[in-house]
Amino acid sequence: MSAALVKVKQELPPPGGYGPIDYKRNLPRRGLSGYSLFAISFASLLMGYYNLVKWNRERRRLKIEDMETCIALLPLLQAESDRRTLQILRENLEEEAKIMEGVPGWKVGESVYHTDRWVPPIADDLYYLRPARERDHMKFGLQYYI
């Protein structure tokens, strides 16, 4: 058979044509808009600053309360320290009287300072007749053991 004799059916579009082709991007909206994200960020920032100011006021109030407590306890602690100092001085005078009883002209408790005012004694004056361990603990505290 010859090629001219065979009838070939050509494909044609349907009557009325093909439907429209959808070529535009169709991305769904994801998440919030930029303005709403900015508003939420700004609101959370304001909330954080509000909580920070509130906590700072509370901390200041607690600090003032602690300071008032220290001020109220200061006379008691000072009296306790003075009592301990006078007790150690009395014990030192008794020990000095025992040690220097054979020395003529020695006055027990005579001040080495040339003044009539009370001079608070330093740690060496208080603990010179005490054991070295007690003196070191008074001078250095817990730092002595490090």
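Analyst: The count comes to six salt bridges, a salt bridge being a side-chain nitrogen of Lys or Arg within 4 Å of a carboxyl oxygen of Asp or Glu. The model is predicted, so local features need pLDDT of at least 70 and side-chain atom pairs count only at pLDDT 80 or more, whereas totals for chains, interfaces and linings use all residues. Residues are numbered from 1 along each chain as its sequence is written, and side-chain values use heavy atoms, with hydrogens and water left out.

Among the salt bridges is that of Arg130 and Glu91, whose side chains meet at 2.3 Å, N to O. Because Arg130 lies in the loop between helix H2 (123-127) and helix H3 (132-140) while Glu91 is in helix H1, the pair ties together parts that are 39 residues apart in sequence. Helices here are DSSP runs (H or I, at least four residues), numbered from the N terminus. With a relative accessibility of 18%, Arg130 counts as buried, and Glu91, at 27%, is partly exposed; buried means under 20% relative accessible area, exposed over 50%, and partly exposed in between (1.4 Å probe, protein chains only). Arg130 also forms a salt bridge with Glu134, the closest N and O atoms being 3.5 Å apart. Glu134 is partly exposed, at 28%. Salt bridges link Arg84, Glu91, Arg130 and Glu134 in a network.

Another salt bridge joins Arg61 to Glu65, with the closest N and O atoms 3.4 Å apart. Both residues lie in helix H1, four residues apart, about one turn of the helix. Arg61 is partly exposed at 44%, as is Glu65 at 40%.

Glu96, also found in helix H1, is buried yet has no salt bridge. The nearest side chain of opposite charge to Glu96, that of Lys107, is 12 Å away, where Lys and Arg count as positive, Asp and Glu as negative, and His and the chain ends are not counted. Leaving aside residues up to four places away in sequence, Glu96 touches Trp106, Lys107, Val108, Gly109, Tyr128 and Leu129; contact means heavy atoms within 4.5 Å.

Helix H1 also holds Phe38 and Phe42, four residues apart, about one turn of the helix. At 63% relative accessibility, Phe38 counts as exposed, whereas Phe42, at 45%, counts as partly exposed. Leu46 has its place in helix H1 (residues 34-99) and is partly exposed at 47%.

Definitions and conventions
Helix = DSSP H or I, 4+ residues; strand = E, 2+ residues; numbered from the N terminus.
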